[in-house]
Amino acid sequence: MMDSRKNYLGRSRGTGWRKPFFSVAVLVAILAGCADSKVEQPDTPVRIAWAQGAQLLVSDYQKQSVQFRDSQTLTVQRSLAVKGHPLAVGYTQGKVLVGNETTQCVEVYDSTSGVMLYSLGDGPGSIPLPNDLAIDEASGRVFVTDSSNHRVEVFSLAGPLLYSITDRLLIQPTSVVLDAAGEHLYVGNLGLAPSTYGGNVLVFTVAGQFERSIAGDFTHPKGVTVDDAGHLYLVDAILGQVLVLDTLTGVEITKLGVEPPYGGPHKMPFDAVFDGGNQRILVTDYLLGKIETYAVTGGNP
Amino acid sequence: MRASNLLLAVLMLTLLAAPQPAFASSPQSKNCNYCHKARPIWSMRAATCLTCHGPGGSSSLRAAAHIQMDCRDCHMTHGGSINWLGELNSKFLRKDVDRTGQHSDEQDYYSRYSIPHIKALDENYAQVVFTSRGTGVGEPSLHSFADGDQDRNGIYDGICEVCHLEFLYQNEQASGPHHIGETCTACHLHSNGFR
């Protein structure tokens with residue numbers, strides 16, 4: 001009679017499967033532990049724009065990618081890898097436009113495959129600091145702030161440079177937004193010259209004619225956006241807040257966000273976009289590593 | 001020449017010859033309000049530095065914060081500091097670094113990101129001597145990022161040594177010290193937060 005404690009091969013029952021099982025389990029645990037020990041790179045969102053549908057485009061500077069995020073949950077759905085540090089970002093007609101700080105140009109990618117199709121203008125090296133861009137789909141024009149060269153360059157979506165917007169007040173353009181009517185550009189501008197140290201927002205027609213300047217209690221407008229109720233949202237990176245201005249008068253209406261206290265979390269809001277469907281402003285924060293939201297109720301911030 | 005004039009001349013030459021902290025050479029240094037208009041001096045923070053040295057900034061010198069630290073934890077803002085050996089630290093580095101206290105979320109960060117090799121800190125402030133960028137760029141190993149107490153004064157005062165002492169030297173018996181005297185930023189880029 002066979003010993004019930006042994007199988008037909010004469011080996012002890014009950015232990016044969018446990019040894020390899022536990023060995024594998026231990027190995028998996030070790031590997032999982034090793035995976036957890038990798039240093040996680042936090043998010044470093046800089047620019048934000050609308051993609052198609054309810055998706056947002058967010059350029060992540062240190063991760064060197066452009067993320068497609070759900071506009072409701074703000075979670076990353078997929079990423080498009082960029083060879084370099086992305087700044088400006090935009091979407092139109094199935095294409096993703098990326099201002100690449102490393103290659104110093106605006107690159108155009110296929111949004112589905114992630115393949116780079118071409119660059120705007122003269123390609124790499126032509127735009128040293130492509131900080132921000134705005135797209136006029138009606139006319140097929142792309143407005144790009146060329147921060148180092150004190151100008152806004154206007155390209156055809158197909159690639160060729162159409163013209164440049166310059167002005168003696170345009171010292172270091174950092175951000176640009178096109179109003180809903182497609183008639184005016186609002187350009188966030190850092191002052192640099194000794195006599196004009198303050199930042200401002202310069203308003204141009206899309207043809208490049210200077211109209212007026214908006215100044216206020218801000219110095220470093222890193223991001224600008226407009227809503228559909230005549231408000232200009234200006235992200236001041238040093239203040240750590242979003243200023244809400246009247247687009248016509250430039251008068252400050254309110255500030256969004258609380259200035260971080262001394263010793264508080266490191267905060268650097270960078271860019272903003274208006275979400276008309278949910279009446280809110282979405283603001284990227286490079287140091288906090290997330291997107292913050294502020295309600296705009298009934299058109300009033 | 002009168003003795004008093006000679007003495008005055010010698011005194012002036014001595015003052016001029018002594019290493020002086022240099023004010024920033026950037027255009028912004030010509031206008032204090034470029035940084036200080038926005039907020040009072042006591043509340044300046046990393047975002048102030050990163051508007052020029054971070055993404056899309058005008059400076060060619062790119063930087064990212066090291067873990068949860070502030071730029072001013074290691075750097076002075078208006079010029080370098082005279083270190084405890086009487087020399088001017090390069091790259092505006094402070095003469096001492098606070099390794100504890102204000103980074104109250106340090107342990108949370110370490111546990112989340114599993115950063116190893118940070119020794120238990122015995123002192124609040126560590127002296128820093130930084131007058132060379134190391135052998136990786138053809139400069140001396142002495143008084144570089146981590147020179148292994150090359151001057152044998154008993155103080156590990158490299159800017160990287162003051163926190164990462166164990167990691168740099170704990171493998172000394174096995175594989176040898178970790179690139180002592182070399183240029184740490186050749187691999188651990190400042191533009192990537194020294195990762």
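Author: With contact, which means heavy atoms within 4.5 Å. Helices (H or I, at least four residues) and strands (E, at least two) are DSSP runs, numbered from the N terminus. This is a predicted model, in which local features need pLDDT of at least 70 and side-chain atom pairs count only at pLDDT 80 or more, while totals for chains, interfaces and linings use all residues. Residues are numbered from 1 along each chain as its sequence is written, chains are lettered from A and ligands numbered from 1 in the order in which they are written, and side-chain values use heavy atoms, with hydrogens and water left out.

Reader: What covers the buried residues of H3(B)?

Author: The cover includes strand E17 (221-226) of chain A and helix H2 (33-36) of chain B. Buried means under 20% relative accessible area, exposed over 50%, and partly exposed in between (1.4 Å probe, protein chains only). The buried residues of H3(B) are B:Ala46, B:Ala47, B:Thr48, B:Leu50, B:Thr51 and B:Cys52.

Reader: How many helices and strands are in chain B?

Author: Chain B has 5 helices and 2 strands, in the order α-α-α-β-α-β-α along the sequence. Of its 195 residues, 35% count as buried. Its accessible surface (Shrake-Rupley method with a 1.4 Å probe; for residues, only the protein chains shown count as cover) is about 10900 Å², and 59% of that belongs to carbon and sulfur atoms.

Reader: E17 of chain A was named as cover. How do you know whether A:Thr225 is buried or exposed?

Author: A:Thr225 lies in E17 of chain A. Its relative accessibility is 6%, which falls under the limit, so A:Thr225 counts as buried. Apart from residues up to four places away in sequence, A:Thr225 touches A:Val177, A:His231, A:Leu232, A:Tyr233, A:Ala272, A:Val273, A:Phe274 and A:Ile281. A:Thr225 and A:Tyr186 are 39 residues apart in sequence, with 8.1 Å between their C-alpha atoms.

Reader: What makes E21(A) and E22(A) a pair?

Author: Two strands pair if DSSP finds at least two bridges between them. E21(A) and E22(A) are joined by 6 bridges and run antiparallel, so they qualify. One residue pair is A:Phe274, which stands opposite A:Ile281 in E22(A). The hairpin leaves 4 residues between the strands, and there A:Gln279 takes a positive phi near 50°. All of strand E21 (residues 269-275) of chain A is covered: 7 of the 7 residues are buried, so the strand is largely enclosed by the rest of the structure.

Reader: How many bridges join E5(A) to strand E6 of chain A?

Author: There are 5 bridges between E5(A) and E6 (residues 95-100), with the strands antiparallel. A:Tyr91 stands opposite A:Val96 in E6(A). This hairpin has 2 residues between the strands, and A:Gln93 has a positive phi near 50°. Strand E5 (residues 86-92) has 7 of its 7 residues buried, so it too is largely enclosed by the rest of the structure.

Reader: Why is one side of strand E13 and of strand E16 of chain A left without a neighbour in the sheet?

Author: The open sheet has 4 strands in the order E13-E14-E15-E16, paired antiparallel. E13 (172-178) and E16 (210-214) stand at its edges with a single partner strand each, so one side of each has no neighbour in the sheet. The twist from one strand to the next averages 25°, taken between axes (lines fitted to C-alpha atoms, for helices over the stretch in contact, with angles from 0 to 180 degrees between N-to-C directions). Inside the sheet, E14 (residues 184-190) and E15 (residues 200-205) are joined by 6 bridges.
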